[in-house]
Amino acid sequence: MPIYEYKCTKCEKEFEELVFGDENPPCPACGAGETTRLLSCACLHMPAPSRAGQTVSYPSAGGKSACGGCTATSCAGCK
């Protein structure tokens, strides 16, 4: 069941909604029916250097998980 991101063209409010079919839901803030679906991006959590000049080494592929960066069989515990 897809959750899509929308933006109201009247009040500019952005919101997420579980949608069945191709209908655009009304805005939860103002009730207007003029909403547009936004392009959603995947969110990736990557380690960042803690100090300037440090490098970051990323996990190599080869694990059993879908992302290949760990040995877990599910990403449910990753946050």
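Is glutamate 34 buried, partly exposed or exposed? At 40% relative accessibility, glutamate 34 is partly exposed (buried is under 20% relative accessible area, exposed over 50%, partly exposed in between, with a 1.4 Å probe and protein chains only).

This is a predicted model, where local features need pLDDT of at least 70, side-chain atom pairs count only at pLDDT 80 or more, and totals for chains, interfaces and linings use all residues. Residues are numbered from 1 along each chain as its sequence is written, and side-chain values use heavy atoms, with hydrogens and water left out.

**View 1. Lysine 10 and glutamate 34 form a salt bridge.** The N to O distance here is 3.9 Å (a salt bridge is a side-chain nitrogen of Lys or Arg within 4 Å of a carboxyl oxygen of Asp or Glu). The partners are 24 residues apart: lysine 10 is in the loop between strand E1 (3-8) and strand E2 (14-18), glutamate 34 in the loop between E2 and strand E3 (35-37) (strands are DSSP runs of E, at least two residues, numbered from the N terminus). Lysine 10 is exposed, at 58% relative accessible area.

**View 2. Lysine 7 pairs up with glutamate 12.** Their side chains make a salt bridge at 3.3 Å, N to O. Lysine 7 is partly exposed, with 25% relative accessible area. The salt bridge count comes to 2.

View 3. A disulfide would be a pair of cysteine sulfur atoms within 2.5 Å. For cysteine 11, the nearest cysteine sulfur is that of cysteine 27, 3.6 Å away. Cysteine 11 is partly exposed at 35%.

View 4. Cysteine 30 is partly exposed, at 42% relative accessibility.

Notes. Helix = DSSP H or I, 4+ residues; strand = E, 2+ residues; numbered from the N terminus.
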